[in-house]
Amino acid sequence: MIEYDKPMDIERRSFEIITQLLGEQVIPAENELVVKRVIHTTADFDYAENLAFSDHAVAQGIAALRAGCDIVTDTQMAGSGINKRVLEGLGGQVHCFMSEAEVAALAGRRGSTRAAASMRWAAEHVKKPCICAVGNAPTALLTIAEKIENGLRPALVIGVPVGFVNVVESKERLFAVCTQYGVPAIAAMGRKGGSNVAAAICNAL
């Protein structure tokens with residue numbers, strides 16, 4: 001027999017199950033909804049351990065969204081997963097510059113990945129405060145870290161690329177740089193992550 005067939009009922013019951021399965025595991029109250037939303041999206045309880053938050057990153061991210069900040073992503077998939085209706089209601093919008101001809105040309109001139117070029121392009125052309133949400137490309141994270149060292153101050157950086165090459169190192173560098181310069185950051189340390197995780201964190205905020 002199907003007990004739950006309405007979306008809100010399914011989601012509510014899912015979060016109840018997540019809470020039960022987390023048991024006695026302690027998650028700071030400020031970060032709890034973000035962690036549970038990522039677990040809900042992935043069914044992976046490792047995120048209760050590997051999501052790292054700078055001090056008050058969640059509160060600062062929420063404040064930025066309420067102030068109308070935009071979100072810049074490294075993939076169309078992450079952008080598609082973000083709740084645009086809610087974001088637009090707050091005065092923000094989602095940007096992904098991966099498909100822009102100018103970004104492809106910039107990547108060619110610099111011999112870089114398009115993801116890295118897209119973050120350079122965003123830093124130069126998006127004038128509003130932004131949350132950077134990276135779910136795929138370590139090179140995008142490394143570019144953001146470089147830009148922060150040179151004066152860029154995102155409202156929040158979400159660093160959750162997935163994979164095996166430079167993934168762990170890029171997250172560690174990004175988190176260290178954000179800590180050094182006082183930029184709020186949320187990162188999935190280790191190899192796990194993905195565009196769906198980046199979108200889930202944005203939606204939780």
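**Salt bridges in helix α1**

Glu-16 and Arg-13 sit three residues apart in helix α1, about one turn of the helix. The model is predicted. The structure holds ten salt bridges. The views below take up those of Asp-9, Arg-12, Arg-13 and Glu-16.

**View 1. Glu-16 forms a salt bridge with Arg-13.** The closest N and O atoms of this pair are 3.1 Å apart. Arg-13 is partly exposed, at 25% relative accessibility. Glu-16 is also partly exposed, with a relative accessible area of 31%.

**View 2. Arg-12 and Glu-16 meet through their side chains in a salt bridge.** The N to O distance is 3.0 Å. Arg-12 and Glu-16 are four residues apart in helix α1, so about one helical turn separates them. Arg-12 has 41% relative accessibility and counts as partly exposed.

**View 3. Asp-9 forms a salt bridge with Arg-12.** Here the closest N and O atoms lie 3.9 Å apart. That falls within the 4 Å cut-off for a salt bridge. Helix α1 covers residues 7–22. Asp-9 and Arg-12 are three residues apart in this helix, so they are separated by about one helical turn. Asp-9 counts as partly exposed, because its relative accessibility is 28%.

**View 4. Glu-16 and Arg-13 are shown again with the network they belong to.** Their salt bridge has its closest N and O atoms 3.1 Å apart. Shared partners link the salt bridges, joining Asp-9, Arg-12, Arg-13 and Glu-16 into one network. Arg-12 bridges to Asp-9 and to Glu-16. Glu-16 bridges to Arg-12 and to Arg-13.

Key: Residues are numbered from 1 along each chain as its sequence is written. This is a predicted model: local features need pLDDT of at least 70, side-chain atom pairs count only at pLDDT 80 or more; totals for chains, interfaces and linings use all residues. Side-chain values use heavy atoms; hydrogens and water are left out. Helices (H or I, at least four residues) and strands (E, at least two) are DSSP runs, numbered from the N terminus. Buried means under 20% relative accessible area, exposed over 50%, partly exposed in between (1.4 Å probe, protein chains only).
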